[in-house]
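Please open the model in your viewer and keep the sequence beside it. The tour below goes from one selection to the next, with a short note on what is there.

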Amino acid sequence: MKRQLWKRRILALGLMLGLLLVLNGCSGQLKERQSEDLSRTDIVLEVQAPAEDAYAPRMERATLYFLDEEGMMLVPVSRMIEVEAGMHRAQAALLALCEGPLEGENAYWPEIGALSAQRGFELSGGVATVNLPSRMRALSPEALYAVRMAIAHTLTEFAEVSYVNVLVGGREEG
């Protein structure tokens, strides 16, 4: 019994001495490196600062997708759109699309009427949600599908929009 007690004490003393030697020996192995003079290094910016105020009204070029005369194929129309103060450019493109084609543009667009700027468009996490008025259910299923595709193609032209969810009267149409 005494012999085992002595063995434990000697083992504990040996571990403490070993730990003490390891801790004292580590401090001498670290070497401080010389600091570099970074004052003459050029700083390269990978991102450009915005040239304009995002909340100022501006004009931008956008491609709007209308329907052809039969209402079944998409017709791209490049146009300058007005982006109002604080408005997202995808929202401005949607509002321009809902106003329909201008005179001289060989395209067709059903009468949607004005979308509510507050309730008609939302962009979050790359997903644009468009809420069309419930009167759009009066269109044939083919025409409604073509309108939904035109909206999706118009909005996905912008890098910020990766998916478009088109609702009619607040619900998904199949």
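Begin by selecting Arg79, Met80, Ile81, Glu82, Glu84, Met87, Ala92, Leu95, Ala96, Glu99 and Leu102, which line the largest pocket of this predicted model. The space in this pocket comes to about 200 Å³, and the elements that each give two or more residues to its lining are β2 and α2, the latter spanning residues 89-98. Of these, β2 gives the most, with four residues.

Next, select β2, residues 74-83, together with β1, because the two strands pair in the antiparallel sense over ten bridges. Within this pairing, Met59 stands opposite Glu82 of β2, and Glu82 is also one of the residues that line the largest pocket. Strand β1, residues 58-67, is mostly covered, with seven of its ten residues buried. Between the two strands of this hairpin lie six residues, and Gly71 takes a positive phi near 80°.

Now move to the open sheet of four strands, whose order is β3-β4-β5-β6 and whose pairing is mixed. Its edge strands, β3 (121-124) and β6 (171-172), each pair on one side only. Select β4 (residues 127-132) and β5 (residues 163-168) to see a parallel pairing over six bridges, in which Thr129 stands opposite Asn165 of β5.

Definitions and conventions. Residues numbered from 1 in each chain as written. Predicted model: local features only at pLDDT ≥ 70, side-chain atom pairs only at ≥ 80, totals over all residues. Heavy atoms only, no water. Buried < 20%, exposed > 50% of the residue type's maximum accessible area, 1.4 Å probe, protein only. 1 Å grid on protein atoms, 1.4 Å probe; cavity = no way out; pocket = protein on both sides within 12 Å on 5 of 7 lines; lining within 4 Å. Points joined across faces, edges and corners; volume = space filled by probe spheres on them.
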